[in-house]
Each structure stands twice: as C-alpha cells, then as structure tokens.
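Please keep the sequence and the 3D view at hand while reading.

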Amino acid sequence: MSSSVESLVNREYKHGFVTDIESDSVPPGLNEDVIRLISEKKGEPEWLLEWRLRAYKAWLKMEEPHAWANITYPPIDYQDIVYYSAPKTVKPLGSLDELDPKLRETYDKLGIPLNEQKLLAGVAVDAIFDSVSVGTSYKEHLGELGIIFCSFSEAVREHPALVQKYLGSVVPISDNFYASLNSAVFTDGSFVYVPKGVHCPMDLSTYFRINQAGTGQFERTLIVADEGATVSYLEGCTAPARDENQLHAAVVELVALEGATIKYSTVQNWYAGDEEGVGGIYNFVTKRGKCAGARSKISWTQVETGSAITWKYPSVILQGDDSVGEFYSVAVANGRQQADTGTKMIHLGRRTRSTIISKGISAGRGNNSYRGQVKVMPKAERAWNYTQCDSMLIGNRCGAHTFPYIDVQNRSSAVEHEASTTKIGEDQIFYLKQRGLNTENAISMIVNGFCKEVFKELPMEFAVEAQKLLGVSLEGSVG
Amino acid sequence: MLEIKNLCASIGPGEPNILKGISLTVNPGEVHAIMGPNGSGKSTLAQVLAGHPAYTVTGGEVRFEGEDLLDMEPEERALAGVFLAFQYPVEIPGITNAYFLRAAYNELRKGRGEEELDPMDFLDILEEKLKIVKWGPEMMQRAVNHGFSGGEKKRNEILQMAVLEPKLAILDETDSGLDIDALRIVADGVNALKRPDRATILVTHYQRLLNHIVPDQVHVLFDGRLVRSGGKELALELEAKGYEWLSEVAEEVVA
C-alpha cells in the first residue's frame, strides 16, 4: 500500500485514568508465605490453601512459554509483582449503596451500571477492582431462581462444596505456566452456578479494572451450568495507562452439564501501551470450557482490541456426545501490539461439532497470530469441525500469521479449514471516499464488514460497543 | 459547471503523462460522451476528476462550480456533487447495500447541514430509487457488490447515483460487459436522472450506449489528448471508421 496508508497517531486511551484510593497490598514478591497470607486474608479453608500450594510447587518447575508463542517480551520478574491489592474500604457490603463513592465514580466513568436503579438493560454486574470483587448487582432477583452469581471469595465461603467440586476440573493446577501461577495466587473473580433446567433471564457481566501500579491481576472465574441450564456471560476489561507493563493472568473455567448452554463474551480493552510499545497489559489468560454432558454447548466470543500482548486460547473440551463448541474471535494488533490467540477444540464424544471463526486485524506495527488446534480423538465418531481464519492487513509494517494444528484420529470425522488474507486496498478506501465517507469512516466500515460474522454473535449492546471500540483502536492507522 | 483547462496527469512523479493537456467545459444540463481506444486515457481522466490517489496531476486546472476541484479530497468532491460510477466497482464484504447507501446518503445530508435519516425514513427513499434499476428490496440485504455479477455491479452504481443525486455524474465504461437488457436499464437510469441543473460525462468505447442516451457533445480522446469534438453524429462516424484514422488527426493536433 502506498505512503498514504501509514503513520500512527493513536487517540488517547479513554480509560487511562487512575483512581486515587487507599489500598491494602502485600509486599511484592512470591513465596509460600505470600500465598498463605493471601489465603489467610481471604479466610479460606485449608483445602484451598493446600490447592494453591500444590499449584505453586508445580509452577516453580515450569517455564514461561516463550518458545512456541509468536510473541516477544523481556522475561518478567515475578518477584517484583504485588500479588494482592485491595481497595482498603472493601468489606462485606450490606448493599451496593455502601460502596465507596470513589469506586462508584470509577465505574460510572467506565459506564458500568453498578447502580441497580440504572440497570434497565437487565445486565447483572460483578465488578473486580484490582483483585477484589466490589459488588454484585441483581443478586436477590437471581437468587429466587436458584442462580448463584457472586464473587469467587463469597462462593468459597457460602458454597464451598460446589467450588471444591469444579475448581480446577477444567484447567488443572499444572496446566500451564500462567494458569498455575493464577491457581497459586488468585485473589478473586466471579462465580456462577445455574441450577438444573433454569434459563438465566439476564446476561451476567463482570467488569475487570486494574488500578494499582505494580500489581498483577489474577482473577478466577468459574461458571457451572447444570443439566439443561442456559447462561450468557459478558466480560469487559480496562486499565489505567502506565509506562510499566502489568501482568494479567486470569483463568476462566466453564462446565456445561447435559443439555446445558454457556455463552461467554469478552470485550477486552486493557491498556495497549503507547505507539512505541511502552507500557500496556500482558494479557496471559487461560480460558477453557468443558462440555461435560451430552448435547451441551459452549460458545466463546471475544473481541480483543487492547493489551500490549494477548496470549489466550479459549477452548472447548467436547466430552459429551453431540456436544457443540464455538469460537468467534476478533483480534486487533495496532501500534506495537502483539496478539497470539486462537482456540483448541478437543473432540472426545461422538458426533461432537465445533465451529471456529477467527478474524485477525493487523495495523501499524502490530503482529497478529491465529493459533488453533482441532483434535479429534479415536472415539469421536463423526465429529465435525469447520474453521475459518481470516486476516486483514492495514498498512505494510504489520504482520499476520496462521498456525493451525489439526490432528484427526478417526476416519468418520470431517474437518474443514479455510484461511484468507486480505489487505485493505487503496481502491476500497477510495471507493468509499468517492461516496462521501472520510478515511476513518471508510476504514471502520471495511473492518466492521470484515468482522460481521463475529459481531453478530455478541449480545446487542456489546456488539455496538465492540464496533465503536474497533473504530477507536484503529483510529489513525491509516494516514 | 465543470471547467477543465490543459489538464495533465501521470501515475506518479517523474512518470510520463497519460493525460497530456485536456480542456473541456461541461455546462449544467449537458451530456458529454468521451470516446477513444484502449489506453487513450479515458478512465484516467475519470479517476483524476474523482481524485484517485494513484494519479499525480502534473499541470492544468479543474474548476467545479468555480471551486478548485483538484485541491479537494475525494470525499469533499463527492459532497460537492461529483459522482464517479466505477468501471470496476469495489466489493465491501459484510456491509449491506442498505447500510452503505444510507451511510453515503447521510454523509451528504451532514455536509448540507441536514439531519441524518434513520433506517426507516431512508427505506422510503430507497424503495423509489430501486424502481429505477428494476430491483427488489432483497438486493439491499446483500453485501456491497460482494458476489455480484458484472452486470449487477454496474446496476448498483446506477442505484448509488440515483440515491445520491449528484450534480455531475461521471460514468466510467458503465456500459461495458452489459447485455442488451442491462444496458437499457443503465441508460434508462441515467435518463431518468437527467435535469437542467445536472450534467453527465459518459466514458465509453461503444456507440451503442449513445443510442439510448443522446449526448450533446462527443469528444474523442486519443493518446492523452482530445483530438476531436462534435455532435452525436461523431459517435456514428467512429463506429463506422474505428479509431485507426485518428492517429493522423492526433499528429495534426500535436503539431
């Protein structure tokens, strides 16, 4: 593309403010004592402490996944990270009205409707500030249906049997470097349980916010949909703009029992660093769902526009016969962002089906990799997968890569992989400009069209948000 | 309305000129046909008028309603009322025709300081315009030109023109690749939009389009120069004699 498609002037990151609030933090560094301290602060039962310590021991023997992922970053000093930071005023709240006004202000700025009166959209929200859950809305209403939606800490206190049964059942403590680290030090997160046959009447939502400098965010989300239950869950993320890199190493586990459906949607807009690549979040996340029962379904939709580095592969283990896994992804790498993202579909059960639609957008000097594994085991008779993996390049200093791993151990299965790479052409932009659109609107229209198959999977309000976000994150990518 | 004076253009700085000094005046209400053999610069002229960034203007000037057209961005030219029907319309996957047309229409309205139309109000306008190209509403839910046949793409250009109602429409070989029926639809579309305050420039290889759209003037472009201008009978003469004989005429013009 010609010289007109260059120069990067990123608009200022809208969520880059810091909330001035006192925090209760442990000193930087990681050892068994820190883990014991975290566990103690949270008043955890002995089994959970033991679980954390086992994860820590496993983690000590592991290495950062530099070798295979198509990302580069200096080694992280794990002794320089604060593993627990909580807004000081946080104590169990009687109601949301008791929430610290500063926190409420922060969430208002971010446009999160914590105030229940404002919850006309019908979205129940859990908000995680640094590492601690600060309030879950709509709890009572959900409670009448037997739905549990609370912070992870509360779940450990109030529903220990459920937590113990499912925690680590999808992502074991020795799964991978960051998942093990998370298992050792996670501080909070969200917990959802939808009982048998219950259709959760509203979208459940968690909003993650990193505020404190020098902290890592290690949240843990566990969602269990019992037989025949359905639930849709939304996740949003932002962080202040800082010169340092901050680590976000979350684990999300989904369990769908027989006939259950879980839909998990993410709009990730962590701070991406400046255009020279200074600062930004390292988003090293393990997300995995297990279709444990027959005819269950797990669907991941992600729009990844932020973070300096994104390393995540929301996956589905298709264990139950006739279960369905889906992955819809839009990943943007602009400026100096790096994204290595994709999915794993592991077919174990008979007639299991999976669909992967991945849209990677590279601009500026961004580097975008799709990495996906489709594995069909011997007993997964007549399993079926369709993968479509499209890359779009804007400008000529960015990169797009595709790493598909396909392993089929069964003759009756069908696996299809389609890939395409397109470049936003001067002709496309000129065509739209000739019809009266300016360059930014032209790019935005072309990119939104490119992502349409993914956006239509998002809940309505999220889809509108995602489109806007995409426009903002690509602003200035074409001069 | 449009005044082109000694316009020269190339495909980049230091490259030889493709347009070698073109002068042309188009008045409101007129239809001008520009004919000429392959490679004579017809499409280049159309693209330069619309502001395609691949071309560099190396000399001359172009005024549109008194304004310096060459100084304007492509979208500014569009908002001023210059429309180019593309020879090769571009595909925009994932964006429906309806959405695209409304976006373009609303840009024009914003440019005029008017309120944007919502989808429902726009639909009323669109239904009228669809009749011009004899299309049903189902074409509006398809992605812009994506998977369209050559003929459908050209009809889509005419539809866009009908919706945007430009002051000056430049049709770049909109007739090529069309069967007789499609040609008639395109021609009818152009004729339906004809008004005393609007003008049209038809860039074409063939006389047959001019059976349907009667031009006020016909110009012959040869090797980057307008070598002859005349009435509609000039098109018939070209049809009969071909373009070969023009090389001599061109030499005379240069001399």
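## Where the chains meet

The contact (heavy atoms within 4.5 Å) takes 20 residues from chain A and 33 residues from chain B. Between them, chain A and chain B bury about 2100 Å², with 65% of it on carbon and sulfur atoms. Buried area is the accessible area (1.4 Å probe) that two parts lose on being put together, summed over both. On the side of chain A, the residues that lose the most area to chain B are A:F430, A:Y431 and A:R435, together 36% of what that side buries.

This is a predicted model: local features need pLDDT of at least 70, side-chain atom pairs count only at pLDDT 80 or more, and totals for chains, interfaces and linings use all residues. Residues are numbered from 1 along each chain as its sequence is written, chains are lettered from A and ligands numbered from 1 in the order in which they are written, and side-chain values use heavy atoms, with hydrogens and water left out.

## Bridges between the chains

There are 3 salt bridges between chain A and chain B; the term stands for a side-chain nitrogen of Lys or Arg within 4 Å of a carboxyl oxygen of Asp or Glu. In one of them, the side chains of A:R435 and B:E157 meet at 2.7 Å, N to O.

## Helix α1 of chain A

Helix α1 covers residues 32-41 of chain A, and its buried residues are A:V34, A:I35, A:I38 and A:S39. These residues lie on the same side of α1(A) because they cover an arc of only 135 degrees around the axis, taken from the directions from the helix axis to the C-beta atoms. Buried means under 20% relative accessible area, exposed over 50%, and partly exposed in between (1.4 Å probe, protein chains only). Helices (H or I, at least four residues) and strands (E, at least two) are DSSP runs, numbered from the N terminus.

The cover over the buried residues of α1(A) includes α2 (46-60) and α7 (177-185) of chain A. On the face turned away from the buried side are the exposed residues A:D33 and A:E40.

## A buried threonine

A:T266 is found in strand β12 (residues 261-268) of chain A. It counts as buried because its relative accessibility is 2%. Its side chain has a polar contact of 3.1 Å with the side chain of A:E235, and another of 3.1 Å with that of A:K287. A polar contact is a pair of N or O atoms within 3.5 Å; within protein, one must be able to donate a hydrogen and the other to accept it, and residues adjacent in sequence count only if both atoms are side-chain atoms.
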